[in-house]
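Here is a short briefing to read beside the model. It goes topic by topic.

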Amino acid sequence: MLDKQLVYDVLTAALSTGGDLAEIFMENSVRDTIQMTNGQIEKANWGVDYGLGLRIITGTNAVYAYTNDTSRDSLLKLAKDASQAVKASLKGEINIKGVLVLDKSDRLKFADTAVIPPEKVVKKDIVERLRAASQASYNFDPLVTQTSNSYSGISRDIFVANSNGLWAEDKRVYTRVMVQAVASQGNEKQTGYEAPGAKGGFELLDSIDIEKIGKDAAEVAVTMLKADYAPSGKMPVIVDNAFGGVIFHEACAHSLEATGVAKGASVFCGKMGEKIAADCVTAIDDGTLSGEWGSLNIDDEGGKTRRNVLIENGVLKSYLVDYLNGLKMGMASTGSGRRENYRFAPTSRMTNTYILNGTDSTESIISGTPYGLYAKKMGGGSVDPASGEFNFAVLEGYLIRDGKIAEPVRGATLIGKGHEVLLNIDKVADNFRAAQGMCGSISGSVPTNVGQPMIRVKELTVGGRK
Amino acid sequence: MTFDTFKTEIFAQAKTKGFTDCELFHSGSTSFSVRVLNGEISEYKNTSLEGVGFRGTFNGKMGYAYTEKMAPELINPLLDNAAANAGIIEEEEVEKLYKGDESYPTVNSYNEALNNIDAAQKIEWALEMEKYAKSLDPRVKMADYCTVANSEGAMSIANSHGLDLAQKQNMAMAYIIARVEENGVTKSGYEYWNGRDFADFCYKTLAEKAVKKALSYLGASSMESGDLPVVFDNSSTKDLFGVFSGVFMAENGQKGFSMLNKDRLGEVVAAPHIVLRDDGVCDKSLGSMAFDAEGVATQQKAVIENGVLKTLLYNLKSAAKDGVKSTGNASKAGFGGAIGTSVNNLYLQPSETSFQDLIKPVEKGVLITEMAGLHSGANAVSGDFSFSADGFLIENGAITRPIEQITVAGNFYELLKNIETVGSDLRFHSMGTGGMGMPSVLVNGLRISGM
């Protein structure tokens with residue numbers, strides 16, 4: 001993406017006043033988005049995201065600068081200004097490090113496996129799929145009054161080089177569709193939502209049944225329209241598979257990120273090798289899974305992604321570590337350095353983060369619960385890693401009475417403290433499924449998978465209206 | 001390639017390719033920030049960003065494309081993709097380019113003096129702020145995200161009808177999260193300052209506020225569930241209106257994604273004392289703007305007056321559909337976005353009631369100072385919400401203890417009618433262009449869920 005000599009010169013200029021490592025992250029991303037509202041195409045956009053981010057690490061501190069102007073003059077100025085900042089932040093003696101030769105033989109280059117990348121997709125084909133989803137939602141029930149469907153296809157070329165001699169190029173193609181249905185009656189409106197995505201091209205649309213997805217979204221909207229408000233207070237909660245995995249994502253995995261752990265702002269600091277979850281919980285973060293939404297060939301620091309076992313039978317085995325925070329913690333990177341784009345310095349993030357299958361059956365979990373909430377479909381959530389306090393929303397919920405799924409309930413948010421909830425998981429079923437989401441943190445919004453089989457939490461605060 | 005050459009070239013090419021009119025939206029920004037931790041600079045950031053958004057009419061429909069790379073080889077793909085995008089638009093209401101207004105309000109949102117403060121001074125403030133916060137109480141374990149920053153942005157709109165507008169603004173900010181620990185429990189207090197003059201910034205005040213807030217949460221526990229009166233402090237009220245500001249956008253009502261639409265104008269939608277305004281030029285906000293993302297002059301207007309819905313927020317397309325004039329509320333999420341609708345500076349008109357007087361009549365209730373899960377706990381269409389919350393118990397008109405691990409649930413449309421009292425402590429949260437400002441409010445009819 002950049003001339004070898006220019007890369008060398010920029011890195012050299014960046015380290016001209018000291019510093020341990022200089023790194024370039026550059027990208028050229030082409031993005032297609034199409035929005036359909038109530039069955040009609042309303043907006044379509046195409047664009048190029050382009051720029052370069054420069055990071056200089058000195059000790060455990062970082063200088064970061066970015067620009068869209070990648071001309072030689074602009075980049076050398078960027079590097080020179082950044083090096084002045086390094087000088088200002090250095091307290092002790094200046095230690096000028098050289099830049100290793102960027103030899104061709106060391107270059108890592110990855111291609112994407114997308115069969116139909118966004119630039120090869122005919123726009124009319126996208127319109128047809130979105131229309132099929134919208135139509136399926138409307139056809140499901142006359143109570144469905146609105147639909148909102150969208151497509152996004154992104155083709156990202158990224159390039160990372162650093163003064164240690166790293167030179168890596170990666171191509172990442174993403175495709176996602178969002179399907180939303182609204183059901184209305186009188187003054188009531190409820191929504192249902194599905195958003196399958198993949199690290200891959202338009203072939204995703206051939207691997208899913210878009211009409212079924214439209215129908216499923218409509219079914220949730222109609223069911224919730226007829227539902228009463230959820231109860232409030234503490235009770236057992238059964239969280240089903242797929243997006244249910246957001247419970248682990250929020251309640252635990254964010255607090256395992258080195259972002260918080262390295263500076264002591266996580267409830268899981270100093271807990272390595274200790275029991276932090278119930279015996280039935282084994283959880284992983286695996287960036288190597290083929291074609292999965294959160295997967296990567298290399299992370300955004302040029303490190304190979306890995307399968308990291310985070311928790312094994314309840315015992316904490318690994319944090320999620322990026323290069324810089326790894327220096328602070330005395331740990332190696334786990335291939336977890338990620339950023340939304342060149343505008344962000346990387347930090348430790350998740351990829352595909354799952355609770356693995358257990359041995360309970362879904363039937364036995366439900367029949368073994370006299371009263372509680374069954375969260376069939378979950379929405380998003382958030383967490384404060386320093387206190388462990390998390391929240392997430394239930395999109396489709398039911399009460400459980402006498403071991404049976406009873407009436408639907410709506411509008412519940414579940415809250416708790418991560419380190420308490422993990423120990424309170426007492427059942428893990430064997431029906432694992434993953435789902436796609438966008439995860440936000442200080443290095444921006446990145447695609448991540450959540451996933452789990454059905455689990456039961458002995459007690460969780462349900463924030464309903466009754 | 002400079003923007004001006006790029007513009008001339010693209011306008012000429014667009015005509016050749018069959019666009020009947022076209023527009024370039026250009027925006028650029030630069031920013032500086034320094035974050036410190038344990039007496040060292042943990043992140044020093046210098047940024048510059050620029051890009052252009054093209055839109056143009058092709059076969060009667062609007063086509064979009066944008067780029068952050070301004071190079072000659074991008075002109076063809078930009079125009080070809082914009083034409084292809086126009087080709088699939090099905091919506092009947094057509095988006096149109098604007099010829100401009102006769103006059104625009106005067107806005108002063110740029111302070112040269114802000115540029116006179118050098119990086120070394122900002123670094124020093126950040127370091128001092130951290131040191132001072134840690135010195136305030138032995139329970140302060142950390143001053144996290146201790147940051148001093150400033151930014152500057154400029155945007156312009158030029159189209160083939162002769163519209164040629166530009167505006168710029170700058171801003172400074174500082175923030176800190178004080179983390180305090182007692183009996184193995186960590187509590188955090190976040191405070192921020194933003195302004196247009198560092199002379200108004202006092203790192204000591206900011207550190208004191210954050211530490212005081214964090215300490216006040218120590219010893220928090222949950223509470224019993226119940227239907228209780230709730231006081232939202234000004235920051236939580238802003239969060240609440242931020243989540244649901246979409247209900248006032250005409251385009252949402254037209255498509256059935258809001259309960260408010262033109263048929264409800266003149267109806268009582270809020271308590272009789274409620275005045276909700278959306279002003280383009282607003283002294284209290286840093287986000288005043290002369291024109292919106294379509295180049296329409298902004299206005300001063302009441303959305304709700306004495307509880308009655310007076311207007312919705314319009315861009316050109318939604319206004320044409322309702323047969324009214326645009327209210328100057330067109331928005332664009334930067335150069336890469338499509339035209340939508342957004343608030344200018346939305347605020348609840350404050351009363352004379354002090355915060356103390358606001359909580360005085362509450363026999364038993366809850367003061368909410370923090371809410372989480374805003375993006376997930378709200379149904380923007382139905383108005384239903386359930387948010388994770390922290391705050392304080394109010395008993396007999398006074399704050400008695402901190403509360404954590406509760407949710408507050410209700411419905412935004414009902415909440416508007418159930419606002420018992422509006423406070424006087426209006427505080428604006430600025431967003432570059434535009435902003436939102438709310439005072440504290442006392443509300444009935446909400447459900448608190450705890451133990």
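In strand S13 of chain B, Leu346(B) is the bridge partner of Asp278(B). This is a predicted model.

**Strand S13 and its neighbours**

- Asp278(B) and Leu346(B) are bridge partners, and three bridges in total join strand S8 (residues 276–279) of chain B to S13(B). These two strands run antiparallel.
- S13(B) also pairs with strand S19 (residues 435–438) of chain B, through three bridges. Here the strands run parallel.
- Across that pairing, Tyr347(B) stands opposite Gly437(B) of S19(B).
- In a regular strand, side chains alternate between the two faces of the sheet.
- S13(B), residues 345–348, is covered on both faces. Asn345(B) and Tyr347(B) are buried on one side, Leu346(B) and Leu348(B) on the other.

**Two domains in chain B**

- Domain 1 of chain B spans 3–216, and domain 2 spans 226–449.
- Their C-alpha centres lie 23 Å apart. The contact takes 28 residues from domain 1 of chain B and 26 residues from domain 2 of chain B.
- On the domain 1 side, the elements giving two or more residues are S1, S2, strand S3 (61–67), strand S4 (140–159) and strand S5 (164–182) of chain B.
- S5(B) supplies the largest share of that side, four residues.
- By class, the domain 1 side has 12 nonpolar, 11 polar and five charged residues.

**Where chain B meets chain A**

- Chain B puts 63 residues into the contact, and chain A puts in 65 residues.
- On the chain B side, S2(B) gives the most, with 12 residues.
- The chain B side divides into 23 nonpolar, 26 polar and 14 charged residues.
- Strand pairing crosses between the chains: strand S3 (residues 61–67) of chain A and S2(B) pair in the parallel sense over five bridges.
- Tyr64(A) has Lys45(B), in S2(B), as its bridge partner.

**Helix H1 of chain B**

- H1(B) runs over residues 3–17, which makes 15 residues. From first C-alpha to last it reaches 20 Å, close to the 21 Å expected.
- Which residues of H1(B) are buried? Phe6(B), Ile10(B) and Ala14(B) are.
- These three cover an arc of only 60° around the axis, so they sit on the same side of H1(B).
- An α-helix has 3.6 residues a turn, so residues three or four places apart point the same way.
- Exposed residues lie on the other side of H1(B): Asp4(B), Thr5(B), Thr8(B), Ala12(B) and Thr16(B).
- The cover over the buried residues includes strand S1 (21–37), strand S2 (40–58) and helix H2 (75–88) of chain B.
- Just after H1(B), Gly18(B) takes a positive phi of about 105°.

- Most residues other than glycine have a negative phi.
- Tyr145(B) is not a glycine, yet has a positive phi of about 50°. Its place is in strand S4 of chain B.
- Is Tyr145(B) buried or exposed? Tyr145(B) counts as buried because 20 other C-beta atoms lie within 10 Å, and the cut-off is 20 or more.
- Asn396(B) also has a positive phi of about 50° although it is not a glycine. Asn396(B) lies in the loop between strand S15 (384–395) and strand S16 (398–411) of chain B.
- Asn396(B) counts as exposed because it has 9 C-beta neighbours inside 10 Å, and the cut-off is 12 or fewer.

Conventions
Residues are numbered from 1 along each chain as its sequence is written. Chains are lettered from A and ligands numbered from 1 in the order in which they are written. This is a predicted model: local features need pLDDT of at least 70, side-chain atom pairs count only at pLDDT 80 or more; totals for chains, interfaces and linings use all residues. The expected span of a helix is 1.5 Å times one less than its number of residues. The arc is that of the directions from the helix axis to the C-beta atoms. Two residues are in contact if their C-beta atoms, placed from the backbone, lie within 7 Å. Domain bounds come from an automatic or database domain assignment. Ala, Val, Leu, Ile, Met, Phe, Trp, Tyr, Cys and Pro count as nonpolar, Asp, Glu, Lys and Arg as charged, and the others, Gly among them, as polar. Two strands pair if DSSP finds at least two bridges between them.
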